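Dear colleague,

Please find below the structure I am handing over to you. My findings follow directly after it.

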Amino acid sequence: MLARPSLAAGIALCLVACGDDAAPPVDRSQPADFLAELELAAIDDADPDPRVLEVTLRASITELEVVAGLTTPAWTYAGALPGPLLRVTAGDRVVVHFENDLPEPTTVHWHGIRLPAAMDGSPHSQEPVEPGGTFTYDFVAPDPGLYWYHPHIHDAAQIGFGLYGALLVDPVEPAPADLGDEVVMVLSDISIDDEGALSSPDQGGDIATLFGREGEDVLVNGRVLPTMRARNGKRQRWRVVNAAKSRYFLLGLTGHTFTRIGGQMGLLEAAEEVDEVLLAPGERADLLVTPKGDEGAIEQLMWLPFDRGYGSTEFRPPKAILEVELVGAPLDDVPVPALPATPFEPLDPAGAEQVEVRLTSAQDEEGKLILGINGVPYDGTTSLPATVGQTQLWTVVNEMEWDHPFHLHGFFFHEVNEEGAPRREWVDTVNVPRESSTSFLVRYDNRPGMWMFHCHILDHADAGMMGMVELLP
Ligand code: C2O
Ligand code: CU
């Protein structure tokens with residue numbers, strides 16, 4: 001009877017005293033300047049209702065120092081490069097009062113969002129917004145995931161000049177708090193001359209169009225080689241979008257792997273451990289990464305050459321695009337919490353209508369490069385028919401010697417392999433490798449109208465590799 005209280009007292013004493021002597025409490029917080037160089041612009045929400053995001057978004061030319069020492073007249077949303085991060089919860093309403101202060105017409109397309117056709121921001125769903133004009137986008141964002149917004153007129157030029165931003169849709173059930181510190185990364189590139197001026201969007205002629213123009217300066221959240229100061233060994237969740245007009249990003253973090261927990265919509269049923277992550281233009285990834293190493297070490301996020309056809313890997317060394325400085329002694333790992341996967345029901349191929357779409361190239365009489373769909377360069381008049389409720393099995397055939405990232409507006413689809421087995425992931429953009437083909441199933445819900453599809457190498461889209469689905473009631 002006497003021994004027990006004294007034993008308990010002894011333990012209690014040791015917990016206080018020995019703990020004090022041995023080690024100070026472990027600091028797991030991120031340094032105050034964690035994202036100082038990666039901060040995305042914020043935007044005011046004019047609607048007090050937590051389920052409505054209402055913003056005024058003005059496109060204008062803004063002088064920015066993108067490359068150190070040079071002033072560049074970038075094309076921006078809300079004066080920022082990239083545009084402000086828009087963030088809502090699935091099911092929220094998004095109201096965007098758009099104002100065009102640019103010297104040419106534009107629209108805003110909400111890449112990946114299942115919205116009504118009239119809000120899609122394509123030149124078939126609305127009149128272009130003229131300089132000085134306005135348009136109000138008003139839609140519900142139904143699905144969790146990382147999306148993005150960009151113009152849909154003179155796409156290659158306007159996006160290349162800086163018009164893009166991220167739209168993050170959180171799930172209704174919030175992710176576990178210890179999943180990781182979230183970082184939204186908008187990857188892009190820009191082409192600036194020695195005086196800071198934007199390079200002409202048709203520089204290099206047809207050859208450059210055929211390859212797809214990549215800007216020399218790679219940007220992460222609008223900055224050239226920014227630094228992140230990260231707690232050493234603390235897990236992060238990277239939400240990454242490739243907003244470049246042509247550049248593919250094959251990403252690797254020196255000495256680290258990624259856990260890919262999601263792609264374009266929601267969370268995967270089974271996370272995958274990968275050394276590298278490929279993002280074709282328009283694609284997104286949801287990644288867990290734990291930067292860890294010697295205190296003070298700098299790890300580099302690398303752009304790695306990816307073979308998307310002739311000229312894409314030759315004489316192109318890997319390039320660091322972000323530096324991660326490890327702050328403090330390495331922390332112990334914390335297990336990844338269980339994640340609520342987004343339910344995935346594959347579509348039934350039985351009875352699906354077959355659609356073949358060939359990505360084609362040709363030359364006109366003057367020898368000028370013409371890209372097209374099934375041999376027809378886009379002119380806004382031809383469309384493929386579909387009806388509400390229908391399922392289609394698309395085969396996208398790429399006979400060219402370059403890869404093409406294929407994007408369908410407004411609907412998610414899932415790939416199927418040659419045996420008809422689904423890839424268990426909903427996407428709106430998929431890379432179609434060169435001299436190859438990709439098949440997918442898509443089901444049209446009740447949102448009739450004109451829906452565009454195109455290559456997301458925007459030089460290719462502008463050169464004619466673009467088409468439309470007319471979805472009939
Ligand atoms: Cu990112 Cu036609 O779209
Ligand atoms: Cu293409």
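In this predicted model, His414 is part of strand 26, which covers residues 413-416. Its relative accessible area is 0%, so His414 is classed as buried. The side chain of His414 comes to 2.9 Å from the backbone nitrogen of Leu347. When neighbours within four places in sequence are set aside, the residues in contact with His414 include Phe344, Pro346, Leu347, Pro422, Arg423 and Trp426.

Arg423, one of those contacts of His414, also forms a salt bridge with Glu415, at 2.4 Å from N to O.

Domains and their interface

The protein chain is divided into domain 1 (52-171), domain 2 (178-327) and domain 3 (353-472). Taken over C-alpha atoms, the centres of domain 2 and domain 3 are 25 Å apart. Domain 2 contributes 26 residues to the contact and domain 3 contributes 27 residues. Between them, the two domains bury about 2200 Å², with 49% of this area on carbon and sulfur atoms. Of the area that domain 2 buries against domain 3, Asp206, Leu210 and Met265 supply 25%, more than any other three residues.

The polar side of this interface was examined too. Six salt bridges cross between domain 2 and domain 3, and 16 residue pairs are in polar contact there, both residues being at pLDDT 80 or more. On the side of domain 2 that touches domain 3, helix 3 (205-211) and strand 16 (267-274) each supply at least two residues. The largest share of that side, four residues, comes from helix 3.

Salt bridges

How many salt bridges does a search of the whole structure find? The total is 33. In one of them, Arg316 pairs with Glu214, with the closest N and O atoms 2.5 Å apart. Arg316 sits in the loop between strand 19 (298-304) and strand 20 (319-327), and Glu214 in the loop between helix 3 and strand 10 (217-220), so this pair ties together parts that are 102 residues apart in sequence. Glu214 counts as buried, at 16% relative accessibility.

Asp428 and Arg284 form a further salt bridge, their closest N and O atoms being 2.7 Å apart. Asp428 lies in the loop between strand 26 and strand 27 (429-432) and Arg284 in strand 18 (residues 284-289), so the parts tied together here are 144 residues apart in sequence. Both Asp428 and Arg284 are buried. The side chains of Arg424 and Glu269 also meet in a salt bridge, at 2.6 Å from N to O.

An exposed loop

Ala68 is located in the loop between strand 1 (52-64) and strand 2 (72-77). With a relative accessible area of 70%, Ala68 is exposed.

With kind regards

Terms used: Residues are numbered from 1 along each chain as its sequence is written. Chains are lettered from A and ligands numbered from 1 in the order in which they are written. Side-chain values use heavy atoms; hydrogens and water are left out. Domain bounds come from an automatic or database domain assignment. Contact means heavy atoms within 4.5 Å. Buried area is the accessible area (1.4 Å probe) that two parts lose on being put together, summed over both. A salt bridge is a side-chain nitrogen of Lys or Arg within 4 Å of a carboxyl oxygen of Asp or Glu. A polar contact is a pair of N or O atoms within 3.5 Å; within protein, one must be able to donate a hydrogen and the other to accept it, and residues adjacent in sequence count only if both atoms are side-chain atoms. Buried means under 20% relative accessible area, exposed over 50%, partly exposed in between (1.4 Å probe, protein chains only).
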